[in-house]
Amino acid sequence: MNVKDLAQELLYEGVWGGIQGIFQISLILIPVLILIEFARYFRVIEKISARMKPLMNLLTLPPEAAFPLAAGLGFGIVLGAALIIDYAREGILAKRDFMLVGIFLSINHSMVEDTLVFAAVGANPLITMGARFVVAMLVTRLAAYIIDRYTQRSSVLPSSASKHRIG
Amino acid sequence: MEQLVGPLQKGLSKSASLLWLLTRVIIPVSCLVTLMEYYGVMEVIARLFSPLMALAGLPGEAAVALTLGFLVNYYAAVGAIVGISLSVAELTTLAVMLGISHELPVETVICSHTGLKIPFTVALRISTALVVGMVFNLFIITAGGLC
């Protein structure tokens, strides 16, 4: 085992590769996070959330969770998670709800990019996209069922939806 | 003017704190993955996965792509797939499995900041991927039998 080789590999692939990855993420992350703040300021978020109501009902989530979900579906889990963390800090979402968004998004995120990458190699894009969506939904519903069953006291209280409003 | 500066500032400061979080996650993980590649840990994991591949109707070689996808990212998996000849059905199965479960070291650590424990997310994603692979295989076998 050559120590010099390993050190070189670590520095080049590990550190430099990591920095490149972070730079690529920042190219999307910074503009999107700024846009989101504007969207919040000008109350565009409520309109997007209203459109996503059917999906939110399917997932048993309050309308407030629609925006982190949409961000994760479109731009990837890093952004989705960023918004969940932000919403959790500001107390917009209850724990049950952001856990469910996290579970849904860990299975299904960045739908466009991920689907295109594999379609380019020859996989069927409609099936890949549809199957991932359906699986994520089933798993989220199952998780919601389990969480609600074992935390019955909190489910008697009004859900986070009625307690907090954005803006 | 205020309505332009406020959101801009807020967006920038949120980006900065998030990028710092990502730096703390991605660089150590990327070094870890490099070490695993250097010491051949990937091959060992791929060998563990390869018997499971049959359940999803995939050739054993697909285990390498799956392992790379699980540990590194989606693109690494695609790189490994190019070397194996797979039918459209097999590619689609693999794509769904990898779509459900990929880049676990980075993504699960980031997700853990939302309150989901790392072992939970890892177990959930890998087992979901394997179950979905098996269900797909059943569908394909049934569809193939009907034709």
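What is the mean pLDDT of chain A, and what percentage of its residues reach 70 or more? In this predicted model, the mean pLDDT of chain A is 85, and 90% of its residues reach 70 or more.

**View 1. Confidence along chain A.** Among the elements of chain A, helix 8 of chain A has the highest mean pLDDT, at 94, whereas the lowest, at 48, belongs to helix 10 of chain A, which covers residues 160-163. Over residues 161-167 of chain A the pLDDT falls below 50, although this stretch still has twelve contacts in the model beyond near neighbours in sequence.

**View 2. The helices and domains of chain A.** Chain A contains ten helices and zero strands, so that, read from the N terminus on, its elements run α-α-α-α-α-α-α-α-α-α. The domain assignment divides chain A into domain 1, residues 1-42, and domain 2, residues 51-163, and the C-alpha centres of these two domains of chain A lie 25 Å apart. Of the 167 residues in chain A, 38% are buried, and among its contacts between residues at least 6 apart in sequence, 66% join residues that are at least 24 apart.

**View 3. The overall form of chain B.** Chain B has seven helices and zero strands, and from the N terminus on its elements follow the order α-α-α-α-α-α-α. The radius of gyration of chain B is 19 Å, well over the 15 Å that the globule rule gives for 147 residues, and chain B is therefore more spread out than a compact globule. Taken along the principal axes, the box filled by the C-alpha atoms of chain B is roughly 65 × 40 × 30 Å. Within chain B, 44% of the 147 residues count as buried, while 65% of the contacts between residues at least 6 apart in sequence join residues at least 24 apart.

**View 4. Helix 6 of chain B.** Seven of the nine residues of helix 6 of chain B, which spans residues 104-112, are buried, so this helix is largely enclosed by the rest of the structure. The buried residues in helix 6 of chain B are Leu104(B), Pro105(B), Val106(B), Glu107(B), Thr108(B), Ile110(B) and Cys111(B).

**View 5. The contact between the chains.** Chain A contributes 48 residues to the contact and chain B contributes 41 residues. On the side of chain A that touches chain B, at least two residues come from each of helix 1 (3-41), helix 5 (77-89), helix 6 (95-107), helix 7 (111-121) and helix 8 (125-150) of chain A, with the largest share, 20 residues, supplied by helix 1 of chain A. By residue type, this side of chain A divides into 31 nonpolar, ten polar and seven charged residues.

**View 6. The largest nonpolar core.** This core has 82 residues, and those with the most contacts inside it are Val101(A), Phe104(A), Ala65(B), Leu68(B), Leu94(B) and Met97(B). Its largest share, ten residues, comes from helix 5 of chain A, and at least three residues are drawn from each of domain 1 and domain 2 of chain A. In soluble globular proteins, nonpolar side chains tend to be buried together.

**View 7. The surroundings of Leu68(B).** When residues up to four places away in sequence are not counted, Leu68(B) touches Met42(B), Ala76(B), Ala77(B) and Ala80(B). Leu68(B) is also one of the residues with the most contacts inside the largest nonpolar core.

Notes. Residues are numbered from 1 along each chain as its sequence is written. Chains are lettered from A and ligands numbered from 1 in the order in which they are written. This is a predicted model: local features need pLDDT of at least 70, side-chain atom pairs count only at pLDDT 80 or more; totals for chains, interfaces and linings use all residues. Helices (H or I, at least four residues) and strands (E, at least two) are DSSP runs, numbered from the N terminus. The radius of gyration is taken over C-alpha atoms; the globule rule is 2.2 Å times the number of residues to the power 0.38. A residue is buried if 20 or more other C-beta atoms lie within 10 Å of its own, exposed if 12 or fewer, and partly exposed in between; C-beta atoms are placed from the backbone. Two residues are in contact if their C-beta atoms, placed from the backbone, lie within 7 Å. Domain bounds come from an automatic or database domain assignment. Ala, Val, Leu, Ile, Met, Phe, Trp, Tyr, Cys and Pro count as nonpolar, Asp, Glu, Lys and Arg as charged, and the others, Gly among them, as polar. pLDDT is the predictor's confidence in each residue, from 0 to 100. A nonpolar core is a set of buried Ala, Val, Leu, Ile, Met, Phe, Trp, Tyr and Cys residues joined through C-beta atoms within 7 Å.
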